[in-house]
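Grab the structure and follow along.

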Amino acid sequence: MTTSFHISVLPGDGIGNEVMPSALAVLEKIGQSINRRFHFEQHVAGAQHYADHGVALTDKVLTDCEKADAILFGAMGLPHVRGADGTEIIPQLDLRFRFDLYAGVRPIRTFKGLPTPLAHPRASEIDFVLVRESTEGLFYARGRGEAHGDEAVIDPMKITRAGTERVCEFAFQLAQQREATKGRPGRVTNVDKANVFASMAFWRKIFEETAAKHPSMAVDSAYVDAMALNLVMKPWAYDVLVTENMFGDILSDLIAALVGGMGMAPSGDIGDKHALFQPAHGTAPDIVGQGKANPTAMILSAAMMLDWLGAKHGDSALMDGARAIEAAVEHAFAQGQVRPFEFGGTSGTAQVTQAVLSHLKTHKNQGAPA
Ligand code: ATP
């Protein structure tokens with residue numbers, strides 16, 4: 001049984017550097033209590049590295065990521081650092097394509113003790129996962145936009161059978177796992193625009209073929225514009241959503257807003273061999289250096305990493321660690337004394353981290369707060 005794990009750590013730019021130490025401290029501490037060791041290999045990489053040295057991710061970094069058991073990623077990109085075509089330096093996209101991280105998993109839920117922007121009483125029940133296809137779709141166009149003089153640019157959208165099948169299958173597996181752990185019926189909701197685009201009609205056909213292999217799972221489909229409405233009107237009604245890359249990119253930010261902000265939204269970019277875990281937020285240049293960044297998304301991303309490693313290695317201790325981190329986050333916020341800046345509070349990165357760490361000690365292996 002493996003008890004020591006090599007984690008490639010890329011804090012990146014902006015607040016990525018501020019929230020990463022929080023996750024490492026939490027992992028260090030939980031590692032001791034579950035008797036697992038994490039060897040963190042930290043790397044300097046990202047848009048600032050590109051500005052300084054002409055490369056965002058060196059070969060050394062990529063080789064370490066390739067060898068690692070998992071990758072922990074902060075955030076990368078700076079608005080003023082751009083490539084020749086005017087687009088931002090976004091190395092996380094390169095990593096997704098290079099390591100074939102096809103399933104962008106974005107769980108979203110409310111936490112007791114924190115306000116939600118939605119006034120509806122059922123807002124406290126929000127608990128679903130968005131699965132974003134992350135290797136094709138409209139993002140296939142990156143670097144392929146075809147300019148027609150100075151008059152037009154055409155960006156191609158690519159949907160393949162294999163790419164769609166694997167991400168839809170991933171969504172069904174996830175819904176089955178959630179059904180088992182949450183003790184309630186699962187559901188997979190497909191989000192597309194099959195009424196307009198041939199590529200999206202093809203996507204829906206593949207989704208329906210995949211659904212036919214899981215006859216006991218409830219399924220439905222919605223157009224992305226209607227889903228934008230429904231996610232605000234009744235987000236508590238969803239379980240697992242699966243969608244194309246660009247739609248998933250946009251809906252990710254919308255769903256983070258439903259529970260108070262980007263600092264609450266963890267994510268995992270998962271492939272069959274490799275996986276990368278990062279907060280759903282970017283580098284937040286507007287708050288960098290002020291100690292205001294909410295580290296919760298980064299900490300919960302570390303918990304997702306433990307779940308993934310636990311499933312991969314058949315190691316329930318790692319999964320126990322993930323549950324303990326989630327419980328510590330729940331307890332940290334439950335009494336309403338710790339409130340991050342993005343919720344209008346005054347708890348900065350250090351205070352939130354400290355609260356989670358202290359509950360990791362006091363409440364380890366206990367249930368959710370009453
Ligand atoms: P990207 O395009 O890389 O996703 P972005 O510039 O669109 O990045 P973010 O960097 O995620 O978006 O920032 C969006 C808003 O959310 C900003 O106002 C930022 O301050 C806020 N924000 C993002 N992450 C956090 C966090 N961890 N804590 C507090 N506020 C955050």
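On a 1 Å grid over the protein atoms alone, a pocket is an open set of points where a 1.4 Å probe fits, with protein on both sides within 12 Å along at least five of seven lines; its lining residues have an atom within 4 Å of a point. This is a predicted model, where local features need pLDDT of at least 70 and side-chain atom pairs count only at pLDDT 80 or more, while totals for chains, interfaces and linings use all residues. Residues are numbered from 1 along each chain as its sequence is written, and side-chain values use heavy atoms, leaving out hydrogens and water.

**Exercise 1.** Describe the lining of the largest pocket and work out where the pocket lies.

*Step 1.* Start at the centre: of 36 lining residues, Leu174, Gln177, Arg178, Asp307 and Arg323 lie nearest to it.

*Step 2.* Sort the lining by class: 20 nonpolar, 6 polar and 10 charged. (Ala, Val, Leu, Ile, Met, Phe, Trp, Tyr, Cys and Pro count as nonpolar, Asp, Glu, Lys and Arg as charged, and the others, Gly among them, as polar.)

*Step 3.* Now place the pocket: domain 1 (1-102 + 272-370) and domain 2 (117-258) both give residues to the lining, so the largest pocket lies between them. Those bounds come from an automatic or database domain assignment.

**Exercise 2.** Do likewise for the second largest pocket.

*Step 1.* This lining has 24 residues, with Ile90, Gln92, Asp249, Ala280 and Gly282 nearest the centre.

*Step 2.* The classes come out as 11 nonpolar, 7 polar and 6 charged.

*Step 3.* Domain 1 and domain 2 both contribute to the lining, so the second largest pocket lies between them.
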